[in-house]
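The paragraphs below walk through a few local features of the structure, one at a time. Please keep the sequence and the model open while reading.

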Amino acid sequence: MKHLQERYQRQLMLNEFGLEAQEKLSNAKVLVIGAGGLGCPILQYLVAAGVGHIGIADDDVVSYSNLNRQILFGQQDVGRFKVAIAKEKLLLMNDTIDIKTWKLRFSQKDCINHFKDYDIIVDATDNFASRYLINDACVLFGKPLVFGAVSKFEGQVAVFNVPINEKEKTVNYRDLFPVPPNNNEVLNCSEAGVLGVLPGMIGVLQATEVIKLITGIGKLLTNRILTYNALNQEFFTIYLTPNPEASNYIPASVEAFEYTDYEWLCNYSPTNVIEIETEQWLKIRENTILVDVRELIEKPRLDFYSHLSIPLPTLNSNLDDLLDKEIVFVCQSGKRSLKAALLYLSVMPNAKVYSLKGGVNELVKKKLI
Amino acid sequence: MKIEVLFFGQLTDITGSSKLVIDYVDTTDNLKKIILEKFPALSSLKFAIAVNKQMVTDNISIEKNSSIAFMPPFSGG
């Protein structure tokens with residue numbers, strides 16, 4: 001115990017903190033989802049501070065491109081699972097902490113099975129499907145959520161869904177952004193890049209909020225979102241209010257949650273959509289149906305090829321006509337056709353469906369129309 | 001009379017800068033319309049709007065010398 005007193009001495013001596021806060025930390029159970037740029041500093045500071053029980057979930061292995069910001073990992077770790085190395089390194093820092101790991105990307109089932117074992121959930125993921133999944137699960141299971149996200153030189157931090165009284169909670173992510181953007185609308189770190197120190201800043205701010213939540217000190221980042229810009233060292237706060245739209249999108253029951261397809265909502269590239277080159281398409285053209293999902297006014301039309309014209313916004317109500325057919329979706333550039341293919345697959349998960357790469361633009365370029 | 005419009009995250013890739021000072025506009029809906037006319041590529045993106053740091057979900061009137069923020073969601077981690 002003396003050893004522990006010494007380990008935490010610098011925070012124990014704070015009047016606002018003391019032994020009581022330290023005991024709260026050591027009894028706390030925190031689940032950190034994502035062990036990347038945000039997860040690394042969050043985990044290091046929570047372990048150093050003496051948070052007693054920590055869960056870590058991540059399905060990824062270390063790559064060289066992680067090393068500019070994911071500071072639990074070194075070059076010798078490339079190719080190994082992040083959660084395994086994280087646990088090893090964190091236990092070297094503080095072996096009094098109980099650490100549980102999951103080598104997977106958290107699904108609805110995992111939230112249902114494991115959120116109940118934790119007091120606080122930390123979103124340190126890198127994609128919208130996970131962010132909306134985690135937010136909805138926190139609302140459904142009544143867990144406070146410490147949120148962080150980065151984009152190039154900027155980051156966002158907020159604490160969502162904290163109980164105010166028996167009935168009310170502070171706002172959640174859906175109050176701010178009721179529906180997810182399409183995945184091709186917002187680029188992630190691997191597509192847009194990120195300054196290595198930035199997730200460090202944001203992760204440390206998240207860890208700070210976790211410690212405040214557990215110990216009850218200070219004023220939480222609730223009902224507001226803090227934005228940080230590394231280029232001009234400026235913080236900007238936006239004060240949030242409940243959004244009447246939000247509750248329309250949050251699953252109302254565990255069952256509804258289980259059946260919400262978050263990857264699809266966020267337009268994840270699935271493995272069974274095949275982006276087909278024009279040459280390949282010409283070969284299978286006879287045996288497939290070409291569906292043009294552009295608006296009727298978009299030119300040039302595909303009159304030369306037999307096809308159906310179903311603009312993307314109306315596709316949902318016309319899906320019945322297309323069932324059980326092998327389909328090639330086409331649009332102007334190949335983006336909407338990919339969305340159409342995803343929509344089709346959400347109804348017919350085992351269908352063979354193609355999206356014509358490059359779309360009509362490519363056909364024009366190759367003088368095929 | 002002017003108002004200040006602030007852009008965050010990847011919105012600045014489209015607007016080219018994080019701050020724009022424009023002539024007074026009376027409501028948030030009208031401001032949004034003007035901004036989208038100026039930067040049509042923004043119309044395919046999602047963002048929240050805050051007037052003087054307070055998030056708004058409905059159309060509200062804008063006071064003079066206000067600062068209006070356009071905040072998109074970030075996904076990286």
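Strands here are DSSP runs of at least two residues, numbered from the N terminus, and helices are runs of at least four. The model is a predicted one. In chain A, strand E5 covers 145-151 and strand E6 covers 154-160, and A:Phe153 sits in the loop that links them.

A:Phe153 has a relative accessible area of 32%, so this residue counts as partly exposed. Together with A:Leu195, A:Val197 and A:Leu231, A:Phe153 forms a nonpolar surface patch of about 380 Å².

Next comes a pair of helices. Packing of two helices is described by the angle between their axes and the distance between those axes. In chain A, helix H4 (residues 39-49) packs against helix H10 (residues 197-215) at an angle of about 40°, and their axes are 8 Å apart. Because of that angle, H4(A) is oblique to H10(A). The crossing of H4(A) past H10(A) is right-handed.

The backbone has some features to inspect as well. Between A:Lys299 and A:Pro300 the peptide bond is cis, with omega near -10°. A:Pro300 belongs to the chain A loop between strand E10 (289-292) and strand E11 (308-309).

A:Lys367 is not a glycine, yet its phi is positive, near 55°. This lysine, A:Lys367, follows helix H17 (359-365) of chain A and is exposed, with a relative accessible area of 72%.

In chain B, B:Asn52 is also a non-glycine residue with a positive phi, about 45°. B:Asn52 lies in the loop between strand E3 (48-51) and strand E4 (54-56) of chain B. With a relative accessible area of 42%, B:Asn52 is partly exposed.

Definitions and conventions
Residues are numbered from 1 along each chain as its sequence is written. Chains are lettered from A and ligands numbered from 1 in the order in which they are written. This is a predicted model: local features need pLDDT of at least 70, side-chain atom pairs count only at pLDDT 80 or more; totals for chains, interfaces and linings use all residues. Side-chain values use heavy atoms; hydrogens and water are left out. Patches are made of residues with over 30% relative accessible area and no salt bridge: like charges are joined within 9 Å, nonpolar side chains (Val, Leu, Ile, Met, Phe, Trp, Tyr) within 5 Å. Accessible areas come from the Shrake-Rupley method with a 1.4 Å probe; for residues, only the protein chains shown count as cover. A salt bridge is a side-chain nitrogen of Lys or Arg within 4 Å of a carboxyl oxygen of Asp or Glu. Buried means under 20% relative accessible area, exposed over 50%, partly exposed in between (1.4 Å probe, protein chains only). Axes are lines fitted to C-alpha atoms, for helices over the stretch in contact, and angles run from 0 to 180 degrees between N-to-C directions. Angles under 35 degrees count as roughly parallel, over 145 as roughly antiparallel, 65 to 115 as roughly perpendicular and the rest as oblique. A crossing is left-handed if the near helix is turned anticlockwise from the far one by less than a right angle, and right-handed if clockwise.
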